[in-house]
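Colleague: I am new to reading models like this one. Could you take me through it feature by feature?

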Amino acid sequence: ISGGDDGSTGSCAGAPANVQAYPNWPRGTHAAGGDYMSYQGKIYKAKWWTTAIPGSDSSWLFVCNMPTS
């Protein structure tokens with residue numbers, strides 16, 4: 001899977017096919033290091049345990065823009 005076309009995309013390679021969309025936490029009430037979540041059309045990977053909105057602070061790593069198909 002590749003990202004979008006706006007020039008700020010990363011590669012979605014390695015991201016799971018079914019990424020949880022915020023606020024549907026992958027672990028019920030939070031995300032843990034290595035978990036992926038989507039928010040506002042972007043996919044993020046948690047660096048550590050967090051309840052922050054994906055992309056809102058340093059606990060998240062931007063992975064890619066969600067593919068449009």
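Modeller: Happy to! Helices (H or I, at least four residues) and strands (E, at least two) are DSSP runs, numbered from the N terminus. Two strands pair if DSSP finds at least two bridges between them. Please keep in mind that this is a predicted model, where local features need pLDDT of at least 70 and side-chain atom pairs count only at pLDDT 80 or more, while totals for chains, interfaces and linings use all residues. Residues are numbered from 1 along each chain as its sequence is written, and side-chain values use heavy atoms, leaving out hydrogens and water.

Colleague: Which order do the four strands of the open sheet have?

Modeller: Follow β1-β2-β3-β4 across the sheet, and you will find mixed pairing. At the edges stand β1 (20-21) and β4 (60-65); each has a single partner strand, so one side of each is left without a neighbour in the sheet.

Colleague: How many bridges join β1 to β2, and do these strands run parallel or antiparallel?

Modeller: β1 and β2 are parallel and share two bridges. Here glutamine 20 stands opposite methionine 37 in β2. Strands β2 (residues 36-39) and β3 (residues 42-46), by contrast, run antiparallel and are joined by four bridges. For one of these, look at tyrosine 36, whose bridge partner in β3 is lysine 45.

Colleague: And what does glutamine 40 do in the hairpin of β2 and β3?

Modeller: That hairpin has two residues between the strands, and glutamine 40 takes a positive phi near 50 degrees there.

Colleague: Now the side chains. Is aspartate 35 buried or exposed?

Modeller: The cut-offs come from relative accessible area: buried means under 20%, exposed over 50%, and partly exposed in between (1.4 Å probe, protein chains only). Aspartate 35 has 11%, so this residue is buried. You will find aspartate 35 in the loop between β1 and β2. Contact means heavy atoms within 4.5 Å. Not counting residues up to four places away in sequence, aspartate 35 touches Pro26, Arg27, Tyr44, Lys45, Ala46 and Trp60.

Colleague: Which side chains meet in a salt bridge?

Modeller: The term asks for a side-chain nitrogen of Lys or Arg within 4 Å of a carboxyl oxygen of Asp or Glu. This structure holds one salt bridge. Its side chains belong to arginine 27 and aspartate 35, with 2.7 Å from N to O. Arginine 27 has a relative accessible area of 46%, so this residue counts as partly exposed.

Colleague: How many aromatic pairs does the structure hold?

Modeller: Rings of Phe, Tyr and Trp (its six-membered ring) pair if their centres lie within 6.5 Å; planes under 30 degrees apart count as stacked, over 60 as edge-to-face and the rest as tilted. There are three aromatic pairs here. Take tyrosine 22 and tryptophan 25: their ring centres are 5.5 Å apart and their planes at 90 degrees, so this pair is edge-to-face. Tyrosine 22 also forms an edge-to-face pair with tyrosine 39, at 5.2 Å centre to centre and 80 degrees between the planes. Since tyrosine 22 lies in the loop between β1 and β2 and tyrosine 39 in strand β2, that pair ties together parts that are 17 residues apart in sequence. As for accessibility, tyrosine 22 is partly exposed at 27%, tyrosine 39 is partly exposed at 24%, and tryptophan 25 is buried at 14%.

Colleague: Which residues make up the largest nonpolar core?

Modeller: Such a core is a set of buried Ala, Val, Leu, Ile, Met, Phe, Trp, Tyr and Cys residues joined through side-chain atoms within 4.5 Å. The largest has seven residues: Trp25, Ala31, Met37, Tyr44, Ala46, Ala52 and Trp60. Apart from that core lies another, of six residues, including Cys12, Tyr36, Ile43 and Val63.

Colleague: How far apart in space are glycine 14 and valine 63?

Modeller: They are 9.4 Å apart, C-alpha to C-alpha, although 49 residues separate them in sequence. Glycine 14 lies in the segment before β1 and is exposed, with a relative accessible area of 63%.
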